[in-house]
Amino acid sequence: MIPGSFEYFAPTSLNEALDLLKTHGDDAKVLAGGHSLIPTMKLRLAEPAVIIDITRIGDLRGVSEPDGKLVIGALTTHYELESSALVQQKVPILSQTAAAIGDVQVRNKGTIGGSLVHADPAADWPATILALDADLKVAGPDGERVIKATDFFQELYTTALEPEEILTEIHVSIPAANTKGVYLKQYQAASGFALTGVAVLLTRSGDTCQKVAVGVNGVADVAYRATGVESELAGKTLSAENIAAAAEKAADGVDAMEDIHASPAYRANLAKVYAQRAIAQLAS
Amino acid sequence: MANQVIHTAINGQEHTHEVEPRMLLVHYIRDVVGLTGTHVGCETSLCGACTIMVDGQAVKSCTMLAVQADGAEIMTIEGLAQNGELHPIQEGFWECHGLQCGFCTPGMIIAAHQLLQRNPNPSEDEIRHGLDGNLCRCTGYQHIVDAVQYAAEKMQGSRERKEV
Amino acid sequence: MTAVAGPSRMIGAPIKRREDPRLIQGLSHYVDDIKLVDTLHCTFLRSDYAHAEIKSIDTAAAKDLPGVVTVITGKDIEGKVGDVPCGADLPGLKVPDHPALSIGRVRFVGEPIAAVVATDSYIARDALDLIEVDYEELPTVVDPEKAIEAGSPLIYEEFGDNIGFTMPLEAGDADAAFAEADHVVSGRFVNQRLIPNAMEPRGVLAQYLPGDGSLTVWSSTQVPHGLKTNLGLIVDIPEHLVRVIAPEVGGAFGSKLNVYPEEIVVSYLAIQLCKPVKWIEKRTENFTTTIHGRDQINYVEIAVKNDGTITALRAKTIADIGASYQLLTPLIPTLTNLMIVGGYKIQNVKVELIGALTNKMATDAYRGAGRPEATYIIERIVSMAAKQLGMDPKDIRFKNFPQPEEFPLEIATGITFDSGNYQASLNKALEIVNYDEQRAQQAELRQQGKYMGIGLCTYVEICAFGPSAGVPGGGWESATVRVERTGKVTVLSGVSPHGQGQETSFAQIIGDEFGVDIDDIIIVHGDTGRQPQGIGTFGSRATAVGGTAMVVAAGQVKEKMAKIAAHLMEANPDDLVFENGQIFVGGSPDQAVEFATVAGEAHTAANLPPDTDPGLEATHFFEPSNFTFPFGAHVAVVEVDIDTGEIDIQRYVAVDDIGNIINPLLVNGQVHGGIAQGLGQALYEGAVYDENGQLLTGTFMDYAIPKATHLPRFESDHTVTPSPVNPLGVKGVGEAGTIASTPCMVNAVVDALSPLGITQIDMPMTPNRVWQAIQDAKEGGNG
């Protein structure tokens, strides 16, 4: 219940934060919403010597809409994304995913950036961010760079972010009018994390699937795009049979996780069932 | 590690203390400020017993450092009743038998407070979802739902009266 | 015995709780809210291993940490404090030593090894990391069936095996009945291990005053009096110098019906250090080292005639009792034996019970304590029998119920059911749920490929513990009723409510007795300094036993007041009526005296009738003549999504007969909460240890207690069959919901999936498990 001692910094600018990160290196942990970090510190599973609290950097928070895309500050909370009229209108799957996270208190404090960087395989954001083909902008000692969502999640709790980098923005293209999305999830009953979550963006022309993007989390130790589903359905009529056949591939080539909450077979099954239901819902 | 000075306003009263950076906000409120109505029920940010309002948002005060609350306006369960009069949510919990052992109750009431701020007329389903971050082991939640509905109606009524 | 009567009765009224104003404003005081000057903070180092020899413990670095006052290990207190007590006394029970801090060997993860005391809790926590323990790991056994096999690693070498006790029970001639049976229905049931998880973890604050040699202990407990007696003996302070206070207690569900190592060690430290010492349990500690519940494996068979008559039951139960005994550990599964025939007239019974020691936390009383297991066994097997015989599950129940006129009814296991009308409660539940219509809809949905299920559970349970012959340490309860000089009424009770609301319901009882407003009555409980003798709150006993004690005591006071009032009015005491704060002559209300006036006269004592002592106070110890036996019928309607295994609860109807009802609002609360916990077991909860004895479900991240979104709206109703055992006619309601809802839900889900050939799904019925059962059934069907 009680964290170990640490030195605490609350920089008010990004540069200040990056300098601190460079100075303290591996001894430091970046604190955003705190909902992953603080519990692990209380259980002393993490005992960082330095905490860099970036929540007072105002620039990293909020959503704007330049040039046909949404730019989401990494410190934007789940609740802000859930309740933002702009997000609800332009990319509703983001609001819907945000609303499926944890509980109200967690959504009030937890940030999209914190969640993405933590890369918990059962977190909700990765599926949706993958399906949206988002770009993740990071800042480091050598300046800024952009990482594609599909390159971002690498392994369990591991992303393409370098130790001295900070995620600053998430860029999401606003889907065209004929593209609709939905996120379906089974809650792990205790934690509220996704036992399995499937995010689907379906672009249709008439009854045909022009393109479908399917992100899946909770199944493997890292979130993934179900490319088998996508290629199977692209260009095909959105019939129940075609959707079902495509959804069957939602866990193809994936090494599904086993833990006390679910078997690999069950997780793979959920990926298929939710892929099928999500696509069918969007196709109807 | 160097202690830090923090300033907060809790239930309208200003406080200044020097704290260790690692001190959890809930310990600050309970043990330093001395407001023990906010409870601690777990270490993993799931039970919600420690829920308080920080700058208008319901948060779990066991998952926040006291230093993070520097400059914040905080409301705990002790700050909900005004001038000796119960808040409609408190009244609802009393009228509808929304509590038994009472340990989860302060956090539950604060979570309900946030819910009704954002959604003054919630459905039963919305109430249940709004309270998903708060565990109760005694009531089976039904009377808690009733309590929130009672409060919603009462608060709607007083809003309507004000508008008239 | 005094009759409870009066025209303006508060008994039966849904009066809102008098406890609530302090609780809803954050103004109450749980243990951790009590702050004494100079309090030191204690924390415990606990075993990381399920079974290991402790080669050495090095506390030097911890002791050197600034702010640390002391660090003690088992060896430091060996011979100075007594063992953690076990109150059970079964024939042939093997009782191991149980030091408060382990010495030499640890036998489960979380077992306390050392205690640190520091000036604040943060320093105490830091010091834990500085203690070095050298362990030598030993082979571990966590599966109770493996534990009782020859060759298993031994929890206690001196016992020669891991069988803590066995308890056979035989009545009639079960073997003969099986030989003549038309059908034999059998099953293996697993009643998984549960973690009670009261929302307030445990906590202890102890203060020793060397001047008078007194020890005061605030503990989050259900049994302050038992704790007082035991602690005095264990830490060697005379009982009359020990005071235990259960302040506001944040739920318990049986988990605080105990004497724990931490209560002993913190008391010892307070005595040694002559300063207040506090320990507040963390949730992670609560998971590993507060008692667990259930954990039985049952092999069950029943002999059934073609018409559905059940003639015999045979069962073998392996109860996992964990690595050491807490207060009632071995007793709990024996209650399963007693109640195993449920509400059915099964005359021939043969049961074998084995208590298995394993490298896990001790099991003990968790809401229902032995009866949920019995009810699960009988209600599952009866439903399976109905299926096998092609009967409706309601019909097999009606077939085997005793008739209302047969009560009091001695059953095969040797206990006597006080009163009952099982037909009435089942009929009412069927009516509320609209059973025939539900069955018709089920048939229709099955045509559409939908899996709707209807589950029944008719239960009888044993409550109001109870006659002293059946409860270790006594089953009576005490109460003192005092009318103060101003007419205010003080009731001191030996029971210890912790959420049940008896500051309200007891006041209703006393209000009716004296005809005074409940605001003029205060109920004091949970403090051995104010009510020195008592037993506590558990086993749905508080109102039936504790309430009766105060009714009798109040009757004695009332008699004296009537005598004084009669003297003042020159009337006959037998003609007086107590009502609306007045005492008047029945039939002539003008001839009256204020209740408060009589109270004043009793204390002024200048004008008392002859042979009347001053004061208005009486204490009564009530010894019940029998247990009570609440019963009822629950019905659940569910639909199962067979693609995902998810269960949608569409209706949940509970008809509980708990005898007379004092406060329907509180009763509803108890029923709802009970059902929620029972559904928690059916659907979500289960403690999982890995083969090394590590608890994998050690936080709320992995152990799911039901959330608001997990539960439906419950429909609760009642039939009323008063108990003849106490003058209030009450039976007890604390555990009924938990006992009934678990098998009810399993019956519903199995019923939903019965077209697939599924006959059993073990708990918790997680979506994964339900889905797997469906896959297995499909494969079985194809193969």
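**Entry 1: chain C against chain B**

I began with polar contacts and counted 30 residue pairs between chain C and chain B, both residues at pLDDT 80 or more. A polar contact here is a pair of N or O atoms within 3.5 Å; within protein, one must be able to donate a hydrogen and the other to accept it, and residues adjacent in sequence count only if both atoms are side-chain atoms.

I then listed the elements giving two or more residues to the side of chain C that touches chain B: helix 1 (20–24), helix 4 (121–128), helix 9 (283–289) and helix 18 (664–684) of chain C. Helix 18 of chain C gives the most, with nine residues. By class, I find 23 nonpolar, 16 polar and 13 charged residues on that side of chain C. (Ala, Val, Leu, Ile, Met, Phe, Trp, Tyr, Cys and Pro count as nonpolar, Asp, Glu, Lys and Arg as charged, the others, Gly among them, as polar.)

I note that this is a predicted model, in which local features need pLDDT of at least 70 and side-chain atom pairs count only at pLDDT 80 or more, while totals for chains, interfaces and linings use all residues. Residues are numbered from 1 along each chain as its sequence is written, chains are lettered from A and ligands numbered from 1 in the order in which they are written, and side-chain values use heavy atoms, with hydrogens and water left out.

For salt bridges (a side-chain nitrogen of Lys or Arg within 4 Å of a carboxyl oxygen of Asp or Glu), I get eight across the interface of chain C and chain B. One that I looked up joins B:Glu124 and C:Arg713, at 2.9 Å, N to O.

Contact (heavy atoms within 4.5 Å) takes in 52 residues of chain C and 51 residues of chain B. I have about 4600 Å² buried between the two chains, 55% of it on carbon and sulfur atoms. Buried area is the accessible area (1.4 Å probe) that two parts lose on being put together, summed over both.

Between them I count zero salt bridges and eight residue pairs in polar contact.

**Entry 2: chain C extents**

I boxed the C-alpha atoms of chain C along the principal axes and got roughly 95 × 75 × 45 Å.

How values were computed:
Helices (H or I, at least four residues) and strands (E, at least two) are DSSP runs, numbered from the N terminus.
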